[in-house]
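Have a look at the model first, then work through each solution step by step.

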Amino acid sequence: MSIPVIDFSKLNGEERAKALAQIANGCEEWGFFQLVNHGISEELLQRVKKVCSDCYTMEREEGFKNSTPVKLLNELVEKKSDDKLENLDWEDVFLLSDDNEWPSKTPGFKETMAEYRAELKKLGEKVMEAMDENLGLPIGYIKKAFNGEEADAFFGTKVSHYPPCPHPERINGLRAHTDAGGVILLFQDDEVSGLQILKDGQWIDVQPLSNAIVINTGDQIEVLSNGRYRSVWHRVLATPDGNRRSIASFYNPSMKATIAPASELVEKVNQEVDQTYPKFVFGDYMSVYAEQKFLPKEPRFQAVVRAM
Ligand code: OGA
Ligand code: NI
């Protein structure tokens, strides 16, 4: 079993209805799907791979060698302990956004990643529009909801590496979680696997596929869609060989945006409005998420109401 692979170029042709149906199925049944022919050029993707790998070697690797997970895993081995490190991830990661500082020593990194982010943001908007249409919402609904009244939606890019791990059974690459935000566009390694999703109680691989962009939906799409598009649990396994590169871009609401189920998708039964999901300010949700990222998601929706 593997997650759906969808030809995104079909959205602009005679097979548009079929492509939309595939996207709807990906959102409803899987929460994860891969896009091919998405319009991001292979040449740009090759450059992204190169500058991110160069950046790891030039600016990150040394730091990872001295990081907490590496130290604690060494200690376990020295103590001959059988314990697993449950509260850490075997991951090197940094964030790129419009207003933070970017790595500056790697030739071409900033230029390439700025170009990549601009392209991915446009792709994210096209994907959100397909979701609007599939959900029967006005085109642009999700983007507008994420923008809020006075602030812009947040577009962030996490550059991650999962270096080879000498004891992959003792630590996760990234612990299981659902994503907090909106739509996530992931450019993952085309050789080293490790990403898995929980599907019908089983962990299945997100198969590496050259030049594909993996799409998944976060908790805010679950709320907006009133549970039609559920955020799905996923994790990254640590592996003994290969340094897995993974670049995840997040199209998220502004911290100030108010998120609630779209009224079009809320049913009224016997005059009572169904209230599975609350209405909240996204920044408040993120405060809860920061504490509870690796715990079951449902209590987060309750906690954010109490926090208001
Ligand atoms: C994440 C995530 C997966 C990966 O950053 O939330 O799930 O492959 N990343 O890095
Ligand atoms: Ni995630």
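Predicted model: local features only at pLDDT ≥ 70, side-chain atom pairs only at ≥ 80, totals over all residues.

**Exercise 1.** Find which strand gives the largest share of the shell around ligand 1.

*Solution.* Strand E12 gives the largest share, 3 residues; strands (E) are DSSP runs of at least two residues, numbered from the N terminus. Residues are numbered from 1 along each chain as its sequence is written, chains are lettered from A and ligands numbered from 1 in the order in which they are written, and side-chain values use heavy atoms, with hydrogens and water left out.

**Exercise 2.** Identify side chains whose N or O atoms approach an oxygen atom of ligand 1.

*Solution.* Start with Tyr 162, at 2.7 Å from a ligand oxygen. Then take His 234 at 2.9 Å and His 177 at 3.0 Å. Finally, look at the cover: ligand 1 alone exposes 290 Å², of which the protein buries 96% (Shrake-Rupley method, 1.4 Å probe).

**Exercise 3.** Work out which residues coordinate the nickel ion (ligand 2), and how they are spaced in sequence.

*Solution.* First, list the donors (N, O and S atoms within 2.8 Å of the metal; water is not among the atoms, so sites may look incomplete): His 177 (NE2), Asp 179 (OD) and His 234 (NE2), at 2.0 to 2.1 Å. Second, read their spacing, H-x1-D-x54-H. Third, locate the two histidines: His 177 is in strand E6 and His 234 in strand E11, so together they tie parts 57 residues apart in sequence.

Technical notes:
Polar contact = N/O pair within 3.5 Å; in protein donor to acceptor, adjacent residues only side chain to side chain. Helix = DSSP H or I, 4+ residues; strand = E, 2+ residues; numbered from the N terminus. Donors = N, O, S within 2.8 Å, 3.2 Å for Na, K, Ca; no water.
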